[in-house]
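Subject: Structure handover

Hello,

Here is the structure we discussed. Please open it and read the notes below alongside.

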Amino acid sequence: MRRVNPLSTRLMLFLALVFAAAQPAAAQSILRDSETEKLFNDMSRPLIEAAKLDPKNVKIVLINDPEINAFVAGGQIVYVHTGLITSADNANQVQGVIAHELGHVVGGHVIRSGEGAKQATGISILSLVLGGLAMAAGAGEAAMGAMAIGQQVAMGQFLAFTRAQETSADLAGASYLAKAGVSGQGSIQFFKKLQNQEYRLAVYATDSYNRTHPLSSERVASLSELYQKDPAWNRPTDPALEARFQRVRAKLIGFISDKQGVLRTYPTSDTSVPAHYARAYAYHRMGDRDAALREADALLATAPQDPFYLELKGQILLESGKPMEALAPLRTAVAKAPDQPMIQAMLGHALLATEKNDNLPEAEKVLRASIGRDNEQPFAWYQLGVIYDRKGDQPRASLATAERYSLEGEPKLALASAERALKGIPQGTPDFLRAQDIAMVSRTEVEKDRKGRGK
């Protein structure tokens with residue numbers, strides 16, 4: 001056991017705060033789902049347009065994390081935690097959060113947080129230098145005092161900087177909701193949820209001086225009057241959008257929660273669409289194929305041509321070892337939703353899993369169509385590589401593998417695969433140029449990693 005000096009603890013916490021503000025949450029798991037991403041696009045589009053951003057450039061990305069949180073980490077990507085979706089009562093609450101995060105995007109707060117961190121750490125370093133000089137002169141207590149005061153000033157200045165950004169994002173988000181004609185009631189409801197959480201965590205501060213965010217009670221007080229004056233305050237959410245949100249929320253609960261937790265929230269006596277959805281995913285995850293298929297069939301009985309219900313049934317069959325049976329629902333799903341690349345990728349997977357060479361041309365066609373719409377699918381690239389390998393086209397199998405490893409953050413493997421592709425693909429062709437691009441980027445990453453490790 002060793003005793004940790006309180007000043008050292010404060011210093012470590014301060015540095016952690018600075019670095020957390022400057023870095024994205026990288027090692028978190030991203031969840032992708034066709035229906036969820038379509039919902040996010042549709043519910044955020046009016047807010048994105050109100051913020052005068054291009055919807056084509058803004059992404060809402062789902063992170064598998066139980067915390068009730070959302071954040072931006074540079075660019076025009078809003079990261080939303082699964083905990084936020086499962087804790088939200090309705091779509092309007094999530095729209096309020098997205099509007100707030102768009103305020104950070106438009107305000108350039110991720111870039112400017114570096115300014116705040118630089119300013120704070122500059123004061124911190126200066127105080128440490130002064131403390132070191134005092135120690136060298138033999139004034140130990142004076143040194144500790146200089147360091148402690150410097151750290152307190154630095155931390156206070158940085159916290160004030162981030163609180164100002166949060167307030168700015170709150171006001172910007174409120175303006176986007178108003179311009180889009182979306183009620184701010186959900187925003188207030190969500191801040192009250194956070195306020196209740198603060199109470200449960202014994203956060204009883206009467207002011208926000210020592211916090212990165214204003215207290216939720218302060219935010220509710222400042223925003224309520226603003227929202228209530230807006231003509232959209234009493235405007236209800238589109239019932240169709242709300243129904244879609246409840247579906248997505250339920251399938252997410254079914255996917256990430258344990259079976260007993262799912263059944264407590266959605267007991268078998270509940271015959272609603274969200275309940276069938278949640279139980280279908282829970283049973284499938286537990287390996288109970290028959291129960292999962294019963295729930296999927298119950299959904300299809302309400303809407304036989306719904307592409308996402310068909311996708312669910314195809315997924316259950318495919319992942320439980322029945323790829324031939326999965327083809328029919330997946331083909332229909334693709335026909336009903338030709339703009340959904342992940343459904344196309346699942347059909348390609350099922351065709352390949354049948355181990356029938358007659359299915360290879362169709363598999364290649366749907367996988368290429370899928371990647372053409374969304375090339376950030378490592379597993380689709382893997383499947384395409386398998387097809388090229390079976391056809392004896394090793395250079396393009398290597399290129400597909402390079403694409404996969406590049407997306408998975410494996411620059412060494414991506415570089416090796418890209419270099420193999422370059423040896424066999426005709427020069428000047430689009431595939432050759434793409435292999436060159438991957439090789440160049442991967443080589444840069446490998447060199448950067450080598451220098452970072454001092455090798």
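In these notes, contact means heavy atoms within 4.5 Å. Keep in mind that this is a predicted model.

**F245 and its surroundings**

F245 is found in helix 9, which covers residues 239-256. Leaving aside neighbours within four places in sequence, F245 is in contact with L39, I85, A88, D89, N90, A91 and V94. Is F245 buried or exposed? Its relative accessible area is 1%. The cut-off for buried is under 20%, so F245 counts as buried. One further pair to look at is F245 and P274. They lie 29 residues apart in sequence, and their C-alpha atoms are 9.4 Å apart in space.

**Helix 11**

P274 is also one of the buried residues of helix 11. This helix is mostly covered, with 11 of its 13 residues buried. The buried set is P274, A275, H276, Y277, A278, R279, A280, Y281, A282, Y283 and H284. What covers them? The cover includes helix 2, helix 9, helix 10 (259-265), helix 12 (289-302) and helix 13 (307-319).

The length of helix 11 (residues 273-285) checks out. At 1.5 Å a residue, its 13 residues should span 18 Å. The end C-alpha atoms are 19 Å apart, which agrees. Just after helix 11, G287 takes a positive phi of about 85°.

**Salt bridges**

How many salt bridges does the structure hold? The count is 23. Three of them are described here.

- R244 pairs with D42, and the closest N and O atoms are 2.9 Å apart. This pair links distant parts of the chain: R244 sits in helix 9 and D42 in helix 2 (residues 34-50), 202 residues apart. R244 has a relative accessible area of 26% and is partly exposed. D42 is partly exposed too, at 33%.
- E362 pairs with R331, with closest N and O atoms 2.8 Å apart. Again distant parts of the chain are linked: E362 is in helix 16 (residues 360-373), R331 is in helix 14 (residues 323-336), and 31 residues separate them. E362 counts as partly exposed at 27% relative accessibility. R331 is partly exposed, with a relative accessible area of 34%.
- R390 pairs with E355, the closest N and O atoms being 3.3 Å apart. R390 lies in helix 17 (residues 378-391), and E355 in the loop between helix 15 (341-353) and helix 16. The two are 35 residues apart, so this pair also links distant parts of the chain. R390 is partly exposed at 35% relative accessibility. For E355 the value is 56%; the cut-off for exposed is over 50%, so E355 counts as exposed.

There is also a network. Salt bridges that share partners join D33, E35, R247, K251 and D306.

**The chain as a whole**

The secondary structure comes to 20 helices and four strands. The chain has 455 residues, and 46% of them count as buried. Take the contacts between residues at least 6 apart in sequence: 62% of these join residues at least 24 apart. The accessible surface of the chain is about 22,900 Å², and 55% of that belongs to carbon and sulfur atoms.

Best wishes

Notes: Residues are numbered from 1 along each chain as its sequence is written. This is a predicted model: local features need pLDDT of at least 70, side-chain atom pairs count only at pLDDT 80 or more; totals for chains, interfaces and linings use all residues. Side-chain values use heavy atoms; hydrogens and water are left out. Buried means under 20% relative accessible area, exposed over 50%, partly exposed in between (1.4 Å probe, protein chains only). A salt bridge is a side-chain nitrogen of Lys or Arg within 4 Å of a carboxyl oxygen of Asp or Glu. Accessible areas come from the Shrake-Rupley method with a 1.4 Å probe; for residues, only the protein chains shown count as cover. The expected span of a helix is 1.5 Å times one less than its number of residues.
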